[in-house]
Amino acid sequence: MAARRAFAAAVSLSMLFALSPATAQTPPAESIQIGLSTDAISITAGFSGADLTIFGSLENPDPLIARQGRYDVIVVLEGPPRPVVVRRKDRVLGVWINLDSETFENVPVSYSVATTRPLQDIAEPAKYKQLSLGAQNLYMKPADETDSPATIEEFTAALRDRKAATGLYSENVGGVQFLSQNLFRATVRLAPNVPVGTHKARAFLFKSGMFVKESSAQLEIRKSGFEQSVFRVAHDDSFLYGVFAISLAMLTGWLGRLIFRKD
Amino acid sequence: MGIYLPIAEISVNIFVLLAMGAAVGFLSGMFGVGGGFLITPLLIFYNIPPAIAVATGANQVIASSFSGALSHFKRGTLDFKLGGVLLAGGIVGSTAGIFVFALLRRLGQLDLFISLLYVVLLGTVGGLMLFESVNALRASRSGAAPVLKKSGQHNWIHRLPFKMRFRASKLFVSVIPVLGLGAGIGFLSSIMGVGGGFIMVPALIYLLKVPTNVVIGTSLFQIIFTSAYTTLVHATTNQTVDVILAFLLMAGGVAGAQYGAKAGQRLRGEQLRALLAMLVLAVAIRLAADLFVTPPNLYSLSAAGLN
């Protein structure tokens with residue numbers, strides 16, 4: 001139904017354009033582009049979090065609006081989606097035990113946001129909900145939708161809270177800066193425990209509170225050579241890995257005795 | 001200096017881990033225990049996920065028990081036959097433990113179960129040891145000769161069938177309690193990431209009446225294999241063994257153990273046991289507090305679909 005109405009609107013809009021040739025002279029619409037200096041980041045042994053800088057540009061900005069600072073940009077680096085179980089502890093006979101739980105499908109493992117201004121100053125909350133933009137507005141799909149809305153609401157809030165507490169969901173207000181009328185720079189945080197996988201960088205352009213355009217790019221985060229090999233061997237050749245772990249332990253025990261022996 | 005652990009997937013301080021290994025190694029050398037019961041809780045306090053702390057703890061135990069068993073082998077205080085029968089039971093118990101471990105992890109009750117087991121076992125063993133050693137200390141202070149049980153004394157265990165002769169331990173006993181003890185320790189080893197020496201040693205001495213001089217060597221011998229088996233099974237079924245983490249702990253541990261053994265020689269047996277008992281109790285109390293005190297956060301996240 002909604003689709004048909006949108007179609008109808010599009011038809012009437014095009015008719016309007018056809019009828020009034022003056023509108024052909026309206027400036028071309030603004031759009032946004034982002035670029036990453038690399039399409040892959042490697043996490044090394046010393047990794048303790050980092051700032052990722054993303055450059056982007058505004059195309060065809062209206063100079064007047066740009067001068068008044070009414071263009072806003074929100075950049076999001078979204079980690080790979082994974083299913084997550086949220087558990088709540090309750091007291092049973094004095095002991096805190098995991099009792100209730102709620103499983104969510106496709107929760108981004110990480111979600112870093114950088115904005116020009118505080119989110120509430122850029123656009124209406126309803127807009128963010130519609131775009132599923134911002135950690136507070138991300139739609140988390142429960143695996144069991146028959147649970148009561150209150151329960152789902154509670155666990156969704158807890159999920160966001162835990163993600164924020166571990167630094168995986170972060171917000172960097174003022175992290176997007178315009179370097180010129182066209183060029184901007186966004187700084188998003190990578191938490192020390194940033195997950196490996198394909199991350200998606202997305203930039204949203206707002207003009208005077210209205211959403212204009214979105215652009216996205218992909219970024220691969222992986223463990224660097226050695227860590228990646230260890231991880232891969234542990235999962236793919238787990239038997240060999242186990243044998244190696246045991247041999248290493250025996251060798252260390254034997255060498256340790258040889259070197260530090262006191263008897 | 002930070003180091004990224006590939007399996008635990010977090011950055012940790014390399015010196016904290018080395019120091020942790022060295023401190024536990026020192027204590028384990030001093031008291032003649034593997035130290036797994038200290039390493040695993042310490043790792044959990046240091047925010048290593050419990051599943052990884054347990055599997056890696058088992059790996060770490062191999063190094064310290066191998067090192068210790070070597071010394072006992074050279075001194076001839078190791079009963080291979082007794083160790084072998086304990087081991088046979090251990091493999092069965094360990095296999096059962098791995099299944100329970102995977103099941104609990106899926107149910108989200110693994111952390112609770114690990115903590116409960118630690119609290120109950122450490123509390124019991126620590127309490128008994130403290131009681132016994134304080135009595136011994138008091139007795140020696142009042143000048144009375146310590147009352148030793150006669151080595152020929154028998155209990156119900158010695159009436160069980162399927163007897164077997166263990167020459168090095170000068171023992172003629174049914175294989176049932178030996179296998180059972182091995183299985184119990186194996187089960188604990190795979191769930192708690194401990195070698196089980198702190199239970200094995202008193203059980204061999206008090207239940208089976210194995211002469212004290214062969215107990216530690218034999219216990220260490222069987223612990224090498226049980227924890228090796230546990231490590232292997234954890235590595236293949238749960239992928240939770242972090243070799244980098246284990247290696248840092250071992251490196252600190254083997255160095256600390258040799259100094260600890262030296263320090264241990266200067267202390268008397270009862271004093272040593274009283275100190276160990278207090279240490280064990282302290283860990284138990286710390287873990288118990290976590291169970292009963294309202295956690296700062298009631299919610300926890302974990303990846304769904306883990307087996």
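# A tour of chains A and B

Begin with chain B coloured by contacts, where residues 24 or more positions apart account for 80% of the contacts with a separation of 6 or more, two residues being in contact if their C-beta atoms, placed from the backbone, lie within 7 Å. What you have open is a predicted model, in which local features need pLDDT of at least 70 and side-chain atom pairs count only at pLDDT 80 or more, while totals for chains, interfaces and linings use all residues. Residues are numbered from 1 along each chain as its sequence is written, and chains are lettered from A and ligands numbered from 1 in the order in which they are written.

**Chain B as a whole**

Keep chain B selected and switch to a cartoon, which shows 10 helices and 5 strands; helices (H or I, at least four residues) and strands (E, at least two) are DSSP runs, numbered from the N terminus. Chain B is as compact as a globular protein of its length, because its radius of gyration of 19 Å is close to the 19 Å that the globule rule gives for 307 residues, where the radius is taken over C-alpha atoms and the rule is 2.2 Å times the number of residues to the power 0.38. Along its principal axes the C-alpha trace of chain B spans about 55 × 45 × 40 Å. Buried residues make up 52% of the 307 in chain B; a residue is buried if 20 or more other C-beta atoms lie within 10 Å of its own, exposed if 12 or fewer, and partly exposed in between, with C-beta atoms placed from the backbone.

**The nonpolar cores**

Next, select Val73(A), Val75(A), Leu5(B), Ile224(B), Ala246(B) and Val280(B), the residues with the most contacts inside the largest nonpolar core, which has 144 residues. A core here is a set of buried Ala, Val, Leu, Ile, Met, Phe, Trp, Tyr and Cys residues joined through C-beta atoms within 7 Å. Helix H8 of chain B (residues 212-237) gives the most to this core, with 13 residues.

Moving to chain A, the cartoon has 7 helices and 13 strands, and 30% of its 263 residues count as buried. Select the open sheet of 4 strands, ordered E8(A)-E6(A)-E5(A)-E5(B) with antiparallel pairing; two strands pair if DSSP finds at least two bridges between them. Its edge strands are E8 (141-142) of chain A and E5 of chain B. Within the sheet, E5(A) and E6(A) are joined by 11 bridges, and Arg88(A) stands opposite Asp100(A) in E6(A). Across the chain boundary, E5(A) pairs with E5(B) (residues 299-303) over 5 bridges, with Arg87(A) opposite Ser300(B).

**The side of chain A that touches chain B**

Now select the contacts between chains, in which 51 residues of chain A meet 50 residues of chain B. On chain A, at least two residues each come from strands E5 (81-92) and E6 (95-108) and from helices H5 (149-165), H6 (225-236) and H7 (238-260), with H7(A) supplying the largest share, 16 residues.

Finally, select residues 239-260 of chain A, where UniProt, in an unreviewed entry, places the feature "transmembrane region". The end C-alpha atoms of this span lie 31 Å apart, and the span is 100% helix and 0% strand.

Definitions and conventions:
UniProt positions are given in the numbering used here, feature names are shortened, and annotations may be inferred rather than shown by experiment.
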